Amino acid sequence: MVVVPDGTSRRVGANGLVIGRQQDCDIVALDPSVSRRHVLVRVATDGVEVVPLGRAPFAINGKSVDKPQPINDGDQLAVPGLVVTLVIELARPDPRANSSYLLERNGSVFGVVHTPFVIGGGATDDLVVGKWPPQVLRLHVAQDELFVELAAGAATRNGEPLAIGELIAVLPGDAIGCRGEVFHVRAPVGPPATTAVGGSHGLPSHVEIEMLPRGGRVQLRVGGQDAIVYLADRRLDLMMALLDPPEGYVAGEFIPDDVVRAKVWAKHAAVTRQEINTLISRCRRDLVEAGLAGPRLLERAPGGGGTRLQLAPGATVVVR
């Protein structure tokens with residue numbers, strides 16, 4: 001929650017909360033020195049952070065900051081003419097909530113009732129496994145699809161090793177192995193839950209990109225509803241290379257790595273394919289945290305060499 005001086009509070013939703021001078025911000029600051037979109041308060045996989053969107057700095061507890069900053073409960077965030085208090089409460093899942101997927105381990109079944117769903121040995125993890133370190137595995141649900149992420153150590157999906165930090169799609173019937181344990185993925189009985197962005201195979205029908213001094217704001221319409229993701233500089237450059245490519249290429253089709261290099265790393269033509277893959281992985285995570293199936297939507301060509309953001313037939317792209 002973001003609490004303004006008069007005691008009124010505003011909840012930070014899945015798309016984050018924006019403070020700025022522009023009238024469509026979640027909290028509008030009236031000081032003329034505030035940027036149109038000044039800062040974003042967002043809930044990420046590893047906690048809550050404040051991200052600068054404009055060039056002007058902000059302050060956390062009186063200390064000037066110009067880079068993304070993790071925040072704690074009770075911290076004060078200041079932009080010119082406005083000071084707000086950040087209230088963070090650990091929300092525990094409702095055990096009665098419908099599960100979009102089930103995990104079976106040693107005959108016991110556990111519902112994945114929210115996202116991310118964390119497995120580890122930490123006291124605040126969602127599924128606590130004795131003698132494990134905290135936060136070993138994270139499960140993410142986006143557009144009714146399930147993705148597993150290895151945070152530490154080693155693990156497998158159907159016997160194939162998982163890379164740390166990579167989001168991998170898992171299906172009912174798959175087995176996730178980790179630290180001598182095996183979790184079998186099951187589908188719940190009855191109709192699957194639906195997410196805020198529509199069906200399992202939804203593709204964006206409209207994409208709108210707003211350029212900001214630091215990165216940009218990307219709005220994607222899927223299943224008739226909008227999801228918003230804020231991308232930092234280089235990640236936004238990648239999205240622009242895919243959605244607003246040079247003449248001879250079409251948004252929604254695979255854009256060759258050389259074209260992406262020229263857009264994202266204009267002064268560093270020797271960027272490796274691994275560096276491109278790392279940037280793609282980070283963008284996929286941003287999409288998943290916005291409720292979109294990033295690993296499916298942001299697709300690498302078979303064998304590498306090209307990337308596309310999948311779009312629905314007739315999709316429109318607007319850049320402003």
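Trainee: What do the buried residues of α2 pack against?
Mentor: They pack against α1, β26 (255-256), α3, β27 (298-300) and β28 (306-309), going by contacts (heavy atoms within 4.5 Å). Helices (H or I, at least four residues) and strands (E, at least two) are DSSP runs, numbered from the N terminus.

Trainee: And which residues of α2 are the buried ones?
Mentor: In helix α2, residues 257-264, they are Asp 257, Val 259, Val 260, Arg 261 and Val 264. Buried means under 20% relative accessible area, exposed over 50%, partly exposed in between (1.4 Å probe, protein chains only).

Trainee: Before I go on, what sort of model is this?
Mentor: It is a predicted model, where local features need pLDDT of at least 70 and side-chain atom pairs count only at pLDDT 80 or more, while totals for chains, interfaces and linings use all residues. Residues are numbered from 1 along each chain as its sequence is written, and side-chain values use heavy atoms, with hydrogens and water left out.

Trainee: OK, new topic. Where is His 140, and is it buried or exposed?
Mentor: His 140 is in strand β16. It counts as buried because its relative accessible area is 3%.

Trainee: What does the side chain of His 140 make a polar contact with?
Mentor: With the side chain of Glu 149, at 2.8 Å. A polar contact is a pair of N or O atoms within 3.5 Å; within protein, one must be able to donate a hydrogen and the other to accept it, and residues adjacent in sequence count only if both atoms are side-chain atoms.

Trainee: Where does Glu 149 lie, and is it buried or exposed?
Mentor: Glu 149 lies in strand β17, residues 145-150. Its relative accessibility is 2%, so it counts as buried. Leaving out residues up to four places away in sequence, Glu 149 touches Val 136, Leu 137, Arg 138, His 140, Gly 165, Glu 166, Leu 167 and Arg 285.

Trainee: Back to His 140. What does it touch?
Mentor: With residues up to four places away in sequence left out, His 140 touches several residues, among them Thr 45, Thr 115, Pro 116, Leu 146, Glu 149 and Val 288.

Trainee: You listed Thr 115 and Pro 116. What kind of peptide bond joins them?
Mentor: A cis peptide bond, with omega about -5°. Pro 116 sits in the loop between β13 (108-112) and β14 (117-120).

Trainee: Which loop holds Gln 135, and what does its side chain make a polar contact with?
Mentor: Gln 135 is in the loop between β15 and β16. Its side chain makes a polar contact with the side chain of Arg 138, at 3.2 Å. Gln 135 counts as partly exposed because its relative accessibility is 33%.

Trainee: What else is Gln 135 in contact with?
Mentor: Setting aside neighbours within four places in sequence, Gln 135 is in contact with Asp 46, Val 118, Ile 119, Gly 120, Asp 125 and Ala 151. Asp 46 is 89 residues from Gln 135 along the chain, and their C-alpha atoms are separated by 9.7 Å.

Trainee: Last topic, backbone angles. What is phi of Asn 61?
Mentor: Near 55°, a positive value in a residue other than glycine. Asn 61 is in the loop between β7 (58-60) and β8 (63-65). With a relative accessible area of 48%, Asn 61 is partly exposed.

Trainee: And what about phi of Arg 179?
Mentor: Arg 179 has a positive phi of about 50°, although it is not a glycine. Its place is in the loop between β21 (175-178) and β22. Arg 179 counts as partly exposed, at 48% relative accessibility.
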